[in-house]
Every structure is written in C-alpha cells, then in structure tokens.
Amino acid sequence: MKVTQAEYVISAVSPKQYPTENIPEIALAGRSNVGKSSFINKLIQRKSLARTSSKPGKTQTLNYYLINEQFYFVDVPGYGYAKVSKKEREKWGSMMETYFQSRKPLKAVILVTDIRHEPTKDDIQMYQYLKYHQLPVIVIATKLDKIPKNKQAQFKKRTQTVLELDKDDHLIAFSSETAEGKEQAWAAIRHYLAK
Ligand code: GDP
C-alpha cells in the first residue's frame with residue numbers, strides 16, 4: 001500500500017475520546033521495546049510518526065493514526081514492562097479490556113514479537129486474550145535481520161508453535177532494518193480491512 005497520508009489524531013484514555021466516524025481500526029500491541037514503533041514507521045514510511053520509545057511503558061494511551069483517510073492504526077501501550085506499578089498495570093488492563101471487548105470498528109490486532117526469542121509469557125497471554133475476544137491476529141515477528149538466513153524458517157516456526165497460533169491467523173517475519181515482510185504485512189492488513 002502506498003501511504004500518502006499519515007496523521008496523528010488523538011491519544012485516547014477513555015471511550016468518550018475514541019473517534020466516532022466508524023472508520024476501520026487495526027490495533028498494534030507488543031511488549032515494550034519489541035520494535036512496535038519501528039514497525040509502524042517502516043510500514044508508513046515515516047521516520048518517527050510513532051515515537052520510538054525512550055521511556056518504555058510510559059505511554060498509557062491509545063494513540064490513533066489516520067492512514068490515507070482510510071483506516072486507523074491504533075497504537076496500544078506496550079505491556080510487560082517490569083517497572084510499571086501495579087496500579088498502572090491495572091489501569092492499563094481496564095483500558096485494554098474496554099477497548100478490545102467492545103470496539104466495533106476494530107478489524108484485527110497486530111501483535112509484534114521478537115523473532116530472536118521464544119514468545120514470552122506476556123506474549124502468549126496477550127495472544128490468548130485476543131483470541132478470547134475473537135479478534136483476528138496478525139503476528140509480526142520482527143528483528144528478522146538479526147537471524148542468519150539459514151535459521152529464519154526455524155525461528156519463525158518456533159514463534160508459531162509457542163504461541164499455538166490459530167490456523168486463520170497470519171505470522172509474518174519482518175525487519176524494520178531491511179523492510180523484509182513489509183508487503184506481506186500490508187497484504188494481511190488489507191485482507192482484514194476488506195472484511
Ligand atoms: P517499541 O518500544 O516496541 O516501540 O520499540 P522501538 O520501535 O522503539 O524499537 C526498540 C529498539 O529495537 C530500537 O533500538 C530499534 O532501533 C530496535 N529495532 C526495532 N526493530 C528492529 C529491527 O527490525 N531490526 C533491528 N536490528 N533492530 C530493531
């Protein structure tokens with residue numbers, strides 16, 4: 001997809017602030033520092049529309065970016081950041097619950113993982129949580145450039161196995177450095193936007 005327009009719209013903390021025009025939404029979730037902002041920026045060919053995080057776990061808002069006036073990327077705050085207080089975590093939990101449970105325009109969730117590592121307990125929990133809410137998931141296993149070519153298939157398979165990925169869900173190996181996987185990521189997004 002050629003992105004001609006990408007515009008930050010709002011940081012929402014409660015449903016009152018969610019956009020109301022019924023434009024489809026694709027949410028993005030992932031552990032803090034996993035490479036989520038780099039993924040969005042690569043996809044939309046912007047240097048830093050989505051802030052790459054200097055303070056992981058600190059953005060406790062849903063950040064809406066309008067793409068080509070066609071759909072929203074909704075950047076969900078990173079999870080699994082140990083230094084966040086219990087209270088903050090609870091706040092995060094209830095905001096996410098409200099959003100994932102009842103957001104009608106939400107078409108699919110992109111879950112960003114690090115292909116170098118086995119999906120963590122948090123990643124698995126997040127995936128199961130999204131499936132519990134019957135949301136389609138596109139897993140982006142990023143930092144592919146860090147894995148030698150002859151091992152890439154094996155690492156991708158491990159992500160699929162450990163997450164117990166549904167057969168309908170997509171898994172795309174990706175690199176923000178080389179842009180590998182970018183077209184597949186767009187194809188998966190288009191697939192859900194067309195539904
Ligand atoms: P976020 O907290 O999930 O938004 O993570 P960032 O996008 O800020 O990325 C965290 C760190 O990982 C940064 O230093 C990025 O440069 C690096 N990074 C992100 N994606 C990639 C990738 O595909 N390959 C490599 N080699 N580094 C990456």
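# Chatting through a predicted model

User: OK, which strands pair with strand 3?
Analyst: Strand 4 (residues 71-75) pairs with strand 3 in the antiparallel sense over five bridges. Strand 1 (residues 6-12) also runs antiparallel to strand 3, joined by six bridges. To count as paired, two strands need at least two DSSP bridges between them.

User: Which residues face each other there?
Analyst: Tyr8 is opposite Tyr65 in strand 3, and Ile67 has Phe71 in strand 4 as its bridge partner.

User: Why is strand 3 called largely enclosed?
Analyst: Because five of the six residues of strand 3 (residues 62-67) are buried. Buried means 20 or more other C-beta atoms within 10 Å of a residue's own, exposed means 12 or fewer, and partly exposed is in between, with C-beta atoms placed from the backbone.

User: Switching topic: what does Ala29 touch?
Analyst: Leaving out residues up to four places away in sequence, Ala29 touches Val76, Val109, Leu111 and Met126. A contact means C-beta atoms, placed from the backbone, within 7 Å. Ala29 sits in strand 2 (residues 25-30) and is buried, since 24 other C-beta atoms lie within 10 Å.

User: Is Asn33 buried or partly exposed?
Analyst: Asn33 is partly exposed, because 15 other C-beta atoms lie within 10 Å. Asn33 is in the loop between strand 2 and helix 1 (36-43), and its phi is near 75°, a positive value in a residue other than glycine.

User: And Lys143?
Analyst: Lys143 has a positive phi of about 70° too, although it is not a glycine. Lys143 counts as buried because it has 22 C-beta neighbours inside 10 Å.

User: How confident is the predictor, and where does pLDDT stay under 50?
Analyst: Mean pLDDT is 90, and 92% of the residues reach 70 or more; pLDDT is the predictor's confidence in each residue, from 0 to 100. Over residues 52-57 pLDDT stays under 50. Where pLDDT is low, the predicted coordinates should not be read in detail.

Technical notes:
Residues are numbered from 1 along each chain as its sequence is written. This is a predicted model: local features need pLDDT of at least 70, side-chain atom pairs count only at pLDDT 80 or more; totals for chains, interfaces and linings use all residues. Helices (H or I, at least four residues) and strands (E, at least two) are DSSP runs, numbered from the N terminus. Two residues are in contact if their C-beta atoms, placed from the backbone, lie within 7 Å.
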